[in-house]
Amino acid sequence: MTKYKRGEDASSEDRANKEAELMEKLLIHYFCIVRAHLVDMIPKIVMKFFVRKLSTQLNGILIKSLYTEEKISDLVQESDRVTRKRNASSKMMKVLLEAEKLVSDIAVGRNVQ
């Protein structure tokens, strides 16, 4: 027969056993939740590091392939459209500078021919 402390009886022992069983069930559920969380996070973490490493390495590879000797002349060559626009803008700038000079001469009262 089990000895009980003062004020304890068999019903308090049953209650303690039930509490221990409840605590065991709660711990099992907690560890199941933690395991599910880890199972969910591991692929995400692996992909994060994979993508980060790939992006840094891919950046270097792409830049190296872009700046090869064969392609550098193509990259710095100006298109015909841009050349025409630059020449037209340059001519327009000269005309506008002449017009500004004429207007300022008229404003000061110089003899303009």
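A residue is called buried when its relative accessible area is under 20%, exposed when over 50%, and partly exposed in between, with a 1.4 Å probe and protein chains only. By that rule, buried residues make up 1% of the 113 residues in this chain. The model is predicted, and local features need pLDDT of at least 70, side-chain atom pairs count only at pLDDT 80 or more, and totals for chains, interfaces and linings use all residues. Residues are numbered from 1 along each chain as its sequence is written, and side-chain values use heavy atoms, with hydrogens and water left out.

The secondary structure consists of three helices and zero strands, where helices (H or I, at least four residues) and strands (E, at least two) are DSSP runs numbered from the N terminus. The order of elements from the N terminus is α-α-α, and helix α1 covers residues 10-66, with L62 among them.

The chain exposes about 11,200 Å², of which carbon and sulfur atoms supply 62%; such areas come from the Shrake-Rupley method with a 1.4 Å probe. M47, F50, V51, L54, L58, I61 and L62 make a nonpolar surface patch of about 670 Å².

The chain has one aromatic pair, a term for rings of Phe, Tyr and Trp (its six-membered ring) whose centres lie within 6.5 Å, with planes under 30 degrees apart counted as stacked, over 60 as edge-to-face and the rest as tilted. The ring centres of Y30 and F31 are 5.6 Å apart and their planes stand at 65°, so the pair is edge-to-face. Y30 is partly exposed at 48% relative accessibility, whereas F31 is exposed at 52%.

Conventions:
Patch = residues over 30% accessible without salt bridge, like charges linked within 9 Å, V, L, I, M, F, W, Y side chains within 5 Å. Salt bridge = Lys/Arg side-chain N within 4 Å of Asp/Glu carboxyl O.
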